[in-house]
Amino acid sequence: SQHWREFVMPRKLKVGILTYHFYEKFANYGSVLQAYAMQRYLSRLGVENEIIDYVPDHLRDVNMRLPVLRDKTHNLLPFINLLFFQIQIYRLIGKFERFVKKNIRLSKEKIYSDNFEKAQYGAYIIGSDTVWSTDESGGFDDGFWANYPVMRGKLCIAYSPSAADMDFSETDRQTIKDRLKNFSAATLRTCLLLTYCARACPRPC
């Protein structure tokens, strides 16, 4: 808590949290609960905050309620299994939506890549979850890597992001080196990512 007070509290900044708070390719309890916990913790410290209702490009057209429509395998058995669970999934997503509406404070407007300039905050916290996985995102998402113009020059903190089990190419490593310059501080959750970032970090690690 001392670190949060050091970075955020003295400046009285409104914090925007960027994470997988709801939108996923499937119902993910961990994503919702880690977002809820982060917001609760910051609020208890007296930090004004809200979770940015951000939909990354790779999830923009995903229908969470009807994953059966996304099946591209054309294999009969997996399709039948998915169809069997479809009603349960539909109901589960409804429960997730009600939990988020009741317990999580979101930005008033839904934010996408083409209107991110509306996400105006004094500081940004990115994470946790697999927000740095280039495999999931199809590249380096500008929101999760603090690379939108509106974020530049602001206090940006990466809180326990994961890149899953990515094996970065040389080009990826150079991009990571560039993107890390957007952050004032970072805490990491995997040894592999820590190794990459320690080599590329523009600040002492």
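This is a predicted model: local features need pLDDT of at least 70, side-chain atom pairs count only at pLDDT 80 or more; totals for chains, interfaces and linings use all residues.

Visitor: OK, and where is the place of Ser107 in the chain?
Guide: Ser107 sits in the loop between α3 and β3.

Visitor: What does the side chain of Ser107 reach?
Guide: The backbone oxygen of Glu109, at 2.9 Å.

Visitor: And which residues does Ser107 touch, leaving out those up to four places away in sequence?
Guide: Glu50, Ile51, Ile52, Asp53 and Tyr121.

Visitor: Let's zoom out to the sheet. What's the strand order?
Guide: The order is β2-β1-β3-β4-β5, an open sheet of five strands with parallel pairing. At the edges are β2 (49-51) and β5 (185-187), each of which pairs on one side only. From one strand to the next, the twist averages 20°.

Visitor: Which helix packs on the sheet, and which strands does that helix touch?
Guide: Helix α2 (residues 29-44) packs there, touching β1 (15-18), β2, β3 (123-126) and β4. The direction of α2 makes about 170° with that of β2.

Visitor: Tell me about β4. Is β4 largely enclosed or open?
Guide: Four of the five residues of β4 are buried, so the strand is largely enclosed by the rest of the structure.

Visitor: How many bridges join β3 to β4?
Guide: Four, and the two strands run parallel. Ile126 has Ala158 as its bridge partner in β4.

Visitor: And how many bridges join β4 to β5?
Guide: Three bridges join strand β4 (residues 155-159) to β5, again running parallel. Within β5, Ala185 is the bridge partner of Ile157, and Thr187 is the bridge partner of Tyr159.

Visitor: Switching to packing. How many residues are in the largest nonpolar core?
Guide: It has 53 residues. Those with the most contacts inside this core are Phe116, Ile126, Trp132, Phe144 and Met151. At least two core residues come from each of β1, α2, α3 (76-103), β3, β4, α5 (170-180) and α6 (191-200).

Visitor: Take Phe144, then. What does Phe144 touch, again not counting residues up to four places away in sequence?
Guide: Leu18, Thr19, Tyr20, Tyr54, Pro56, Ile126, Val131, Trp132 and Phe183. Two of those, Ile126 and Trp132, are also in the group with the most contacts inside the core.

Visitor: You mentioned α5. Which residues of α5 are buried?
Guide: Asp172, Thr175, Ile176, Arg179 and Leu180. They cover an arc of only 130° around the axis, so they lie on the same side of α5.

Visitor: What's on the face of α5 turned away from its buried side?
Guide: That face carries the exposed residues Glu170 and Thr171.

Visitor: Now backbone geometry. Which peptide bond is cis?
Guide: The one from Gly127 to Ser128, with omega near 5°. Ser128 lies in the loop between β3 and α4 (134-137). For background, most peptide bonds are trans, and most residues other than glycine have a negative phi.

Visitor: Phi, then. What is phi of Asp129?
Guide: Near 75°, a positive value in a residue other than glycine. Asp129 is found in the loop between β3 and α4, and Asp129 is buried, with a relative accessible area of 12%.

Visitor: And what is phi of Ser160?
Guide: Phi of Ser160 is near 55°, which is positive in a residue other than glycine. Ser160 belongs to the loop between β4 and α5. Its relative accessible area is 17%, and since buried means under 20%, Ser160 counts as buried.

Visitor: Last one: Leu92. Where does Leu92 lie?
Guide: In helix α3. With a relative accessible area of 23%, Leu92 is partly exposed.

Visitor: Which residues does Leu92 touch, if you skip those up to four places away in sequence?
Guide: Ala27 and Tyr29. Leu92 and Ala27 are 65 residues apart in sequence and 7.3 Å apart in space, C-alpha to C-alpha.

Notes:
Residues are numbered from 1 along each chain as its sequence is written. Side-chain values use heavy atoms; hydrogens and water are left out. Two strands pair if DSSP finds at least two bridges between them. Axes are lines fitted to C-alpha atoms, for helices over the stretch in contact, and angles run from 0 to 180 degrees between N-to-C directions. Contact means heavy atoms within 4.5 Å. A nonpolar core is a set of buried Ala, Val, Leu, Ile, Met, Phe, Trp, Tyr and Cys residues joined through side-chain atoms within 4.5 Å. Buried means under 20% relative accessible area, exposed over 50%, partly exposed in between (1.4 Å probe, protein chains only). A polar contact is a pair of N or O atoms within 3.5 Å; within protein, one must be able to donate a hydrogen and the other to accept it, and residues adjacent in sequence count only if both atoms are side-chain atoms. The arc is that of the directions from the helix axis to the C-beta atoms.
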